[in-house]
Amino acid sequence: MIRAIVTDIEGTTGSIAFVHEVLFPYARRHLGAFLRRHHQQAEVARQIEATREEAAEPEADLERLIAILEGWIQEDRKATPLKALQGMVWEAGYQAGDFTGHVYPDAAEALRHWQAAGIALYVYSSGSVQAQRLLFGHSDLGDLTPLLAGYFDTTTGPKREADSYTRIVEAISQAPEEVLFLSDVIAELDAARAAGLATCQLVREPGMVTGDHPVATRFDEVSVDGMGVDGVSVDPSGLDEARFESGGSDVRR
Ligand SMILES: [Mg+2]
C-alpha cells in the first residue's frame with residue numbers, strides 16, 4: 001500500500017522549460033544588480049564570502065565575484081553559494097510577481113486528490129529546498145505548499161544514488177515499498193527502485209526515452225495501489241500476466 005509519494009519537480013510536476021527559460025535566465029539577468037544593491041546584508045555577505053572561498057580568490061572584489069558567479073551560472077555549476085544567491089534573487093522575483101512557478105494542472109489536481117486520500121506528499125529535487133518552497137508557494141495555481149509535507153534536495157544525496165532514497169524513506173518514517181517515487185529521469189527511478197521504492201516515470205514530452213518503469217504522461221495516469229486518480233482500477237496481476245504472455249513488455253510493478 002502506498003502511504004507516501006515523493007516527486008521530482010523539473011519534467012515531472014512542472015516543465016523543464018520553466019527552469020531553463022524563466023528561472024535561470026532571470027537569476028542571470030538580475031544577480032549582478034541584486035548583489036550591488038544588497039551586498040551588505042548579512043546573509044548576502046555570507047554567500048559572497050563563501051564564493052570567494054569556493055573560487056579560491058580571497059581578494060576578489062564585488063565586480064570580480066559577480067563575473068565568477070555569472071560564469072558558474074553559464075557552466076551550470078552546482079555551487080552552494082550560487083544556489084543560495086539564486087534563491088534570494090528568485091524570492092525577490094516571485095514576491096515582485098515577475099513570474100510564477102510552473103506546475104502542470106494535472107499535477108496540482110493529483111496532489112490534492114492524494115493528500116485527501118491520506119497519502120503524505122514530498123518533493124525531491126536538485127533545486128534547493130528554498131527554491132522548491134518558492135516554486136510551489138508562488139505557483140501558477142496559487143500556494144500549493146499546504147499540500148506538501150516536506151522537501152528534500154541534494155543535501156540528502158545525489159538523485160541517482162540509491163542511498164539518497166533510503167535516507168528519504170528513513171526521514172519520513174515509511175517502509176520503502178510503501179513509497180512511490182515520480183520522476184522523468186530513468187537513472188533517478190532506477191536508484192529509487194534499488195532502494196526498494198515503487199516508481200513511475202512521467203513522460204511529458206513525446207518521444208522521451210523510457211525504461212522498464214511504469215509510465216504516465218500525466219499525473220492522472222499514475223496508478224497508486226492499482227487505483228488511478230480518475231478512479232480507473234488497474235489490476236497489477238493482469239499487467240504481470242500480460243507482460244509474461246507478451247514475452248516482456250515495459251509494464252512492470
Ligand atoms: Mg526531472
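Student: How many residues does α4 have, and what span is expected for α4?

Tutor: Helices are DSSP runs of H or I with at least four residues, strands are E runs of at least two, and both are numbered from the N terminus. The expected span of a helix is 1.5 Å times one less than its number of residues. Here α4 has 17 residues and reaches 24 Å from first C-alpha to last, close to the 24 Å expected. This is a predicted model, where local features need pLDDT of at least 70, side-chain atom pairs count only at pLDDT 80 or more, and totals for chains, interfaces and linings use all residues. Residues are numbered from 1 along each chain as its sequence is written.

Student: What follows α4?

Tutor: Gly 97, with a positive phi near 75°.

Student: Which residues of α1 are buried?

Tutor: A residue is buried if 20 or more other C-beta atoms, placed from the backbone, lie within 10 Å of its own. An α-helix has 3.6 residues a turn, so residues three or four places apart point the same way. In α1, the buried ones are Val 19, Leu 23, Ala 27 and Leu 35.

Student: What covers them?

Tutor: Contact means that C-beta atoms, placed from the backbone, lie within 7 Å. The cover on α1 includes α2 (42-55), α3 (62-74) and α4 (80-96). In turn, buried residues of α4, including Leu 85 and Trp 90, belong to a set that packs against α1, α2, α3 and α6 (129-137).

Student: Where is the kink in α1 centred?

Tutor: The bend at a residue is the angle between axes fitted to the seven residues ending there and the seven starting there. Helix α1 (residues 16-38) has a kink of about 45°, centred on His 30.

Notes
A residue is buried if 20 or more other C-beta atoms lie within 10 Å of its own, exposed if 12 or fewer, and partly exposed in between; C-beta atoms are placed from the backbone. Two residues are in contact if their C-beta atoms, placed from the backbone, lie within 7 Å.
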